[in-house]
Amino acid sequence: MKLQSTTRILRLVLASSLAVLVAAQSSAGGIYLGSGIGLEDVKTRYDNRGDTKLFPTLSLSDLVFSEDKSGEGTPYTLGAFVGYRLDLQRQGTWLALEASAILRGDTIEGSLSATGFTLDGSQLPNLIVEDWKFQAESDRSLVAKLGTYVSLFGFFDLSVYLLGGKREIGVAFERNFEVCTNSQGCTSPDETSQATETRKPVLEQWVGGIGIEKFIGDRSALQLELRVNDEGSNSWNDSERNLEIPKELTTESYDLSLRLLLQF
């Protein structure tokens, strides 16, 4: 009985070993690297919430001052990437893990101006005025890809793939602001104070996307890739008159890129 059990185990081990060897022989792939250029559409939002205890005559419990500002012109991206690719079956499914770094050419600027109301309903314009600027200093991501080969009309071979992962953007966020020290509203420059603040938060985003790949040789390929980057945010508190004023910076985007890769 024990001999039969041992024989069965040996057969199972042998069969498993043969299956692993066959899979290893039928798979291919390796390290690849490349670069790409693209266009990116970015939307950035800066939120500033001011408690009315700063302005005792206001009737609201709090104020939310915010602005959406999209990049103007045509933001560009220039990137480099390295990854490892595994073809599970020849002309079949493939997997890849890829790290990339992006240089972005977008600078987004905005101007926030807060208006409040007194108990009798009168407006108090320009209670808080802030000009701000958003500049990405670093941009890196790590994504996994799953693709499959397809044939068009029997002679044009390419592959399509899905991707997903994480992205981190290092930001230089600068705000130049003017604070009105008169609760009834400011009528002269002497009633305002000015300051500049620069923060360097890191915004994290989830990344999803699709791509099309066409090999132009045994070890080189062109890719057209669309990525959608969800909302990444960073929040902090500023102290004014012993009160904590919550603020938040968020950004979201999508980008389209053309990439060239070389596989080793």
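## Basis of the model

The model is predicted, and local features need pLDDT of at least 70, side-chain atom pairs count only at pLDDT 80 or more, and totals for chains, interfaces and linings use all residues. Residues are numbered from 1 along each chain as its sequence is written, while side-chain values use heavy atoms, with hydrogens and water left out.

## Overall build

The chain has 1 helix and 11 strands, where helices (H or I, at least four residues) and strands (E, at least two) are DSSP runs numbered from the N terminus. Read along the sequence, these elements follow the pattern α-β-β-β-β-β-β-β-β-β-β-β. Among contacts (heavy atoms within 4.5 Å) between residues at least 6 apart in sequence, 70% join residues at least 24 apart.

Of the 264 residues in the chain, 36% count as buried; buried means under 20% relative accessible area, exposed over 50%, and partly exposed in between, with a 1.4 Å probe and protein chains only. The accessible surface comes to about 15,200 Å², and 58% of this belongs to carbon and sulfur atoms, the areas being taken from the Shrake-Rupley method with a 1.4 Å probe and, for residues, only the protein chains shown counting as cover.

## Confidence

The mean pLDDT (the predictor's confidence in each residue, from 0 to 100) of the chain is 77, and 65% of its residues reach 70 or more. Among the elements, helix 1 (residues 2-26) has the lowest mean, 45, whereas strand 9 (residues 202-215) has the highest, 95.

Over residues 12-27 the pLDDT stays under 50, and the model has 7 contacts beyond four places in sequence for this stretch. Residues 58-62 are also below 50, with 17 contacts beyond near neighbours in sequence. Where pLDDT is low, the predicted coordinates should not be read in detail.

## The cavity

A search of the whole structure finds 1 cavity of 30 Å³ or more, a cavity being a set of points, on a 1 Å grid over the protein atoms alone, where a 1.4 Å probe fits but cannot get out, and its lining residues having an atom within 4 Å of a point. Grid points are joined across faces, edges and corners, and a volume is the space filled by probe spheres set on the points; the largest cavity holds about 220 Å³.

Of the 21 residues that line the largest cavity, Ile-102, Arg-227, Asp-255, Ser-257 and Arg-259 are the closest to its centre. Two or more lining residues come from each of strand 1 (28-51), strand 3 (76-87), strand 4 (93-104), strand 6 (123-152), strand 10 (220-240) and strand 11. The lining divides into 5 nonpolar, 8 polar and 8 charged residues, where Ala, Val, Leu, Ile, Met, Phe, Trp, Tyr, Cys and Pro count as nonpolar, Asp, Glu, Lys and Arg as charged, and the others, Gly among them, as polar.

## Residues of strand 11

Ser-257 lies in strand 11 and counts as buried because its relative accessible area is 10%. Leu-256 is in strand 11, but at 45% relative accessibility Leu-256 counts as partly exposed. Leaving aside residues up to four places away in sequence, Leu-256 touches Ile-37, Gly-38, Leu-39, Leu-224, Glu-225 and Leu-226; Leu-256 and Leu-39 are 217 residues apart in sequence and 5.5 Å apart in space, C-alpha to C-alpha.

Gln-263 lies in strand 11 (residues 243-263) and is buried, with a relative accessible area of 7%.

Technical notes:
1 Å grid on protein atoms, 1.4 Å probe; cavity = no way out; pocket = protein on both sides within 12 Å on 5 of 7 lines; lining within 4 Å.
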